[in-house]
Amino acid sequence: MHCPFCQHADTQVLDTRVSEEGDSIRRRRRCPECDKRFTTYERIELVLPTIVKKDGSRQEYERPKLNASLMLALRKRPVSAEAIEAAVVRIEEKLLGLGVREVVSQRLGELVMRELKKLDKIAYIRFASVYRSFEDVDEFADLIKEVRPLRRAKRERGSSKE
Ligand SMILES: [Zn+2]
């Protein structure tokens, strides 16, 4: 780190502290050349990828939007707000894990479907029916088939576990 006062090539770190929120590091530095002191902050950068829609337009990722679509799919279903929030966090972690600047909306849709499938089968179908364009009817039929045996199993065993 160059000294901002005399441009000396190296500075000495006097003190290092992690912020209360734990997301940044504060360093107190001293220039051995001019003896001036200054502080630097290092922030962990977590940038979610931009969503590329089917028509090629780009949209910033917005948590409230993702949350709203999950809530809509899960309307009147027995799933807690906490479980929805946890699903949103998992989707964000996966998006961050991709390590890319842009991601196609289909990829996001798949991540949402995977979470809904775990949370609630009805919500999964609701979302999938809106999300998938149904150009392929067989695809939807497959989806129904995927869910039916599970519902039957639920009645027999009295369990919603997969
Ligand atoms: Zn200096």
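A residue counts as partly exposed when its relative accessible area lies between the buried limit, under 20%, and the exposed limit, over 50%. In this predicted model, C6 has a relative accessibility of 33%, so C6 is partly exposed. C31 is buried, with a relative accessible area of 0%.

Both cysteines belong to a zinc site. The zinc ion has four protein donors: the SG atoms of C3, C6, C31 and C34. These atoms lie 2.2 to 2.3 Å from the ion. The angles among the 4 donor atoms run from 105 to 117 degrees, and the arrangement is therefore tetrahedral. For four tetrahedral donors the ideal angle is 109.5 degrees. Along the chain the donors of the zinc ion follow the spacing C-x2-C-x24-C-x2-C. The pair C6 and C31 links distant parts of the chain, 25 residues apart. C6 sits in the segment before β1 (12-18). C31 sits in the loop between β2 (24-30) and β3 (37-43).

Strand β2 also holds S24. The relative accessible area of S24 is 9%, so S24 is buried. Beyond its neighbours within four places in sequence, S24 is in contact with R17, V18, S19, E42 and R43.

The helices come next. Helix α1 covers residues 63-73 and includes A73. Its buried residues are L66, L70 and A73. Seen down the axis of α1, the buried residues fall within an arc of 60 degrees, so they line one face of the helix. P64 and L72 are exposed on the other side of α1. The cover over the buried residues of α1 includes α2 (81-97), α3 (105-119) and α4 (121-131).

A73 shows part of this packing in detail. Its relative accessible area is 4%, which means that A73 is buried. Not counting residues up to four places away in sequence, A73 touches L116, A123, R126 and F127. The C-alpha atoms of A73 and A128 are separated by 9.1 Å, although the two residues are 55 residues apart along the chain.

Helix α2 has 17 residues. At 1.5 Å a residue, α2 should span 24 Å, and this agrees with the 24 Å between its end C-alpha atoms. The buried residues in α2 are I84, A87, V88, I91, E92 and L95. These residues cover an arc of only 135 degrees around the axis, so they lie on the same side of α2. E82 and G97 are exposed on the other side of α2. The buried residues of α2 pack against α1, β6 (102-104) and α3. Just after α2, G99 takes a positive phi of about 60 degrees.

In soluble globular proteins, nonpolar side chains tend to be buried together. Here the largest nonpolar core has 21 residues. The residues with the most contacts inside this core are L66, L70, I91, L95, V112 and L116. Helices α1, α2, α3 and α4 are the elements that give two or more residues to the core. The largest share, 5 residues, comes from α3. V112 touches L66, L70, I91 and F127, leaving aside residues up to four places away in sequence.

Methods
Residues numbered from 1 in each chain as written. Predicted model: local features only at pLDDT ≥ 70, side-chain atom pairs only at ≥ 80, totals over all residues. Heavy atoms only, no water. Donors = N, O, S within 2.8 Å, 3.2 Å for Na, K, Ca; no water. Tetrahedral: all angles 85-135°; square planar, octahedral: opposite > 155°, others 65-115°. Helix = DSSP H or I, 4+ residues; strand = E, 2+ residues; numbered from the N terminus. Buried < 20%, exposed > 50% of the residue type's maximum accessible area, 1.4 Å probe, protein only. Contact = heavy atoms within 4.5 Å. Arc of directions from axis to C-beta. Expected span 1.5 Å × (residues − 1). Core = buried A, V, L, I, M, F, W, Y, C linked by side-chain atoms within 4.5 Å.
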